[in-house]
Amino acid sequence: MKTIIKTVLLASTVFVLTACTSDEQQETTNSISTGNSQDFISEERDPERTLIVYFSMPETGGVDAVAGSSRVVTDEDEVLGNVQQMAYWIEEQTGSDVFQINTVDAYPGDHDELVAQGEAENENNFRPEIADQIENLEDYDTILFGYPIWVYDLPSVVYSFLEDTDFSGKTIIPFNAHGGSEFTGTREAIAELEPNATVEIDNGLTISRNDVPNAQQEVVDWLTDIGY
């Protein structure tokens, strides 16, 4: 049985702050040019050399959370973040290890407060302090990297993590949940932050937050397509 790497949860576990974008908003483009991104690749991958890394933040209060569009409630009444749910399905399918990104200072669970803080962090280029780092990164070749879209961008906590973590020589495949902007320019941003890693731009998976609760088969099909 493989050891699952998980950090201590800050509030209830994770979730997606895509509430600040709507499903009617169109994807923006990013002009970052990088030399370390690759188009769609289909090859057999080793789950034991794969690490699932993700950030998510659960909304526990506010209108949007009550409406259910920003979280997943399981049959056991467990509240999960959208990206967290995707990561759980990936773990279930592959058996790969998991690392959850957490901050030293917890994010608020209230929808309005979370949106306001996320917007302020992005606007001010704030970098939250990360609670833990991956200790055995040398054990992995492929990183399945999950995150929400906050204000058409990576959350500031994800910037903190990528700036503090050297994925040189690794392959990074992104997945996310969004409120209408899909990947926007985040794949290119990851490639810029990790210049010595290979970011498989066209192998990523992006799912609307409203579709995540019923997207398990889509996640499984994606994993099959990229070699798991």
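Colleague: Which residue in S7 stands opposite Phe145?

Modeller: This is a predicted model, in which local features need pLDDT of at least 70, side-chain atom pairs count only at pLDDT 80 or more, and totals for chains, interfaces and linings use all residues. Residues are numbered from 1 along each chain as its sequence is written, and side-chain values use heavy atoms, with hydrogens and water left out. S6 (residues 142-148) pairs with S7 (residues 171-178) in the parallel sense over seven bridges, where two strands pair if DSSP finds at least two bridges between them. Within S7, the residue opposite Phe145 is Pro174.

Colleague: Which residue in S6 does Thr50 stand opposite?

Modeller: Strand S2 (residues 50-54) also pairs with S6 in the parallel sense, over five bridges. Opposite Thr50 stands Thr142.

Colleague: Which helix lies between S6 and S7 in the right-handed β-α-β unit?

Modeller: Helices (H or I, at least four residues) and strands (E, at least two) are DSSP runs, numbered from the N terminus. The unit made by S6, a helix of residues 156-164 and S7 is right-handed, so that, with the strands pointing away from the viewer, the path from the first strand over the helix to the second runs clockwise. That helix is H4.

Colleague: How many of the residues of S6 are buried?

Modeller: Thr142, Leu144, Gly146 and Pro148 point one way from S6, whereas Ile143, Phe145 and Tyr147 point the other way. Residues on both sides are buried, meaning under 20% relative accessible area, against over 50% for exposed and in between for partly exposed (1.4 Å probe, protein chains only). The number of buried residues in S6 is seven of seven.

Colleague: How many of the nine residues of H4 are buried?

Modeller: The buried residues of H4 are Ser156, Val157, Val158, Tyr159, Ser160, Phe161 and Leu162. Their cover includes S2, strand S5 (97-100), helix H3 (111-123), S6 and helix H5 (186-193). H4 is largely enclosed by the rest of the structure because its buried residues number seven.

Colleague: How far apart are the end C-alpha atoms of helix H2?

Modeller: H2 (residues 82-94) has 13 residues and should span 18 Å, the expected span being 1.5 Å times one less than the number of residues. In the model its ends agree with that figure, because the C-alpha distance is 19 Å.

Colleague: Which residue follows H2?

Modeller: H2 is mostly covered, with ten of its 13 residues buried, among them Trp89, Ile90 and Thr94. The residue after the helix has a positive phi, near 75 degrees, and is Gly95.

Definitions and conventions:
Contact = heavy atoms within 4.5 Å.
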